[in-house]
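This report describes the fold of one protein chain for a reader who is new to structural analysis. Please study the sequence and the model below before reading on.

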Amino acid sequence: MADSERNFDENFERYKHVKRSPLYYYCGEYTTIKQLSRDGNYCENSLSGLKILDLGCGSGQSIAHFFEKGADQVIGLDISQEMVESAKKYLESLKIPNQKFMIEKADCSSLESVSQILSLDIYSNYFDIITAFYFHCFAKDENQLAEIFNLCNRYLKPGGKIGFVTLNPETYTNFLTFKEVAEDHFFAKYQNITVINEIPQVELLFINPESKEELFSVFNNIFSVEQFQRAMQRSRFELIEARTLDINPDFDKSTISAEELSLLTGNLCVNYFFQGRKVSDLQ
Ligand SMILES: C[S@@+](CC[C@H](N)C(=O)[O-])C[C@H]1O[C@@H](n2cnc3c(N)ncnc32)[C@H](O)[C@@H]1O
């Protein structure tokens, strides 16, 4: 995952032009918050009293969303220093009290790296929920996925939950359809797909939505549901659900085109939501 540090640091100025897709707020984060809330509802208090860790937090938008829904405390970690700085500034600009959040640089695929920031003496079995948006696609293989889930196991309370959004596993089996659906999509294009060490890897080219300028590419690995499930089981998690996203009914569908809407819904939804529960502590 080391490349992702360079990628998002070096391309930080360009990434700022990437329009934040409604997918994030109204679908991915919406589904995650609703499904991980205590009562399965998406409302002001969905996350009240909960302590949340967000892996690969980027510029902090999902963290702001968690506070909108009542989260008690959120810690965000990202491998890119630029992202960390922008998330801090963003949350400060929203006047979220300092004691409620902490944003730090760490490699979230490594327990050693994360434990330098979140001491296991204080933070093991601490969080109710661990989330991640578009982060697992940077894991290099199933072993690295299992390392990420191991780390989640250490930091989650017994029975705690993980919820994350990543690429739809169907992207591999149905690449040409996905590529067509995503063509000229408002923030990125699907370029090539190649299989490296048996893992399909898609090149996603970010574009400036106004000028259509091509900004930079990231390479995302596409794991199958079975690979996620196996990696979770190794880390003492049970997979609760793996599926396409829900849409917040408040989302004004007239604000986007039919093509864009098809990216958010049904079988062609470009993203997938996974939920798992910690079954027991690792030995
Ligand atoms: C596509 S961005 C998504 C950011 C954010 N989660 C969001 O939804 O807006 C992926 C983020 O994952 C971070 N990332 C990639 N590999 C990482 C790693 N090993 N540890 C921590 N962060 C990582 C990148 O720096 C980047 O900020």
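Helices and strands are here DSSP runs, helices of at least four residues and strands of at least two, numbered from the N terminus. The model is a predicted one. By this definition, the protein has 12 helices and 10 strands. Its radius of gyration is 18 Å, close to the 19 Å that the globule rule gives for 283 residues, so the protein is as compact as a globular protein of that length. The C-alpha trace spans about 50 × 45 × 35 Å along the principal axes.

**Interior and contacts**

Of the 283 residues in the protein, 41% are buried. Among contacts with a separation of 6 or more, 70% are between residues 24 or more positions apart. The largest nonpolar core has 76 residues, and within this core I52, I63 and I130 touch the most other members. When residues up to four places away in sequence are not counted, I130 touches L53, L55, C152, Y155, L156 and I162.

**The annotated span**

The UniProt record, an unreviewed entry, carries the annotation "domain: Methyltransferase" for residues 52-160. In the model, this span is 42% helix and 25% strand, and its end C-alpha atoms lie 10 Å apart.

**Helix α8**

Helix α8 comprises 14 residues, 142-155. From its first C-alpha to its last, α8 reaches 20 Å, close to the 20 Å expected at 1.5 Å a residue. Which residues of α8 are buried? They are L145, E147, I148, F149, L151, C152, N153 and Y155. Two of these, C152 and Y155, are also touched by I130. An α-helix has 3.6 residues a turn, so residues three or four places apart point the same way.

Most residues other than glycine have a negative phi.

Is K95 buried or exposed? K95 counts as exposed because it has 6 C-beta neighbours inside 10 Å, and a residue with 12 or fewer is classed in this way. Y134, by contrast, is buried, because 20 other C-beta atoms lie within 10 Å, and the cut-off for a buried residue is 20 or more.

Note on methods
Residues are numbered from 1 along each chain as its sequence is written. This is a predicted model: local features need pLDDT of at least 70, side-chain atom pairs count only at pLDDT 80 or more; totals for chains, interfaces and linings use all residues. The expected span of a helix is 1.5 Å times one less than its number of residues. The radius of gyration is taken over C-alpha atoms; the globule rule is 2.2 Å times the number of residues to the power 0.38. Two residues are in contact if their C-beta atoms, placed from the backbone, lie within 7 Å. UniProt positions are given in the numbering used here, feature names are shortened, and annotations may be inferred rather than shown by experiment. A nonpolar core is a set of buried Ala, Val, Leu, Ile, Met, Phe, Trp, Tyr and Cys residues joined through C-beta atoms within 7 Å.
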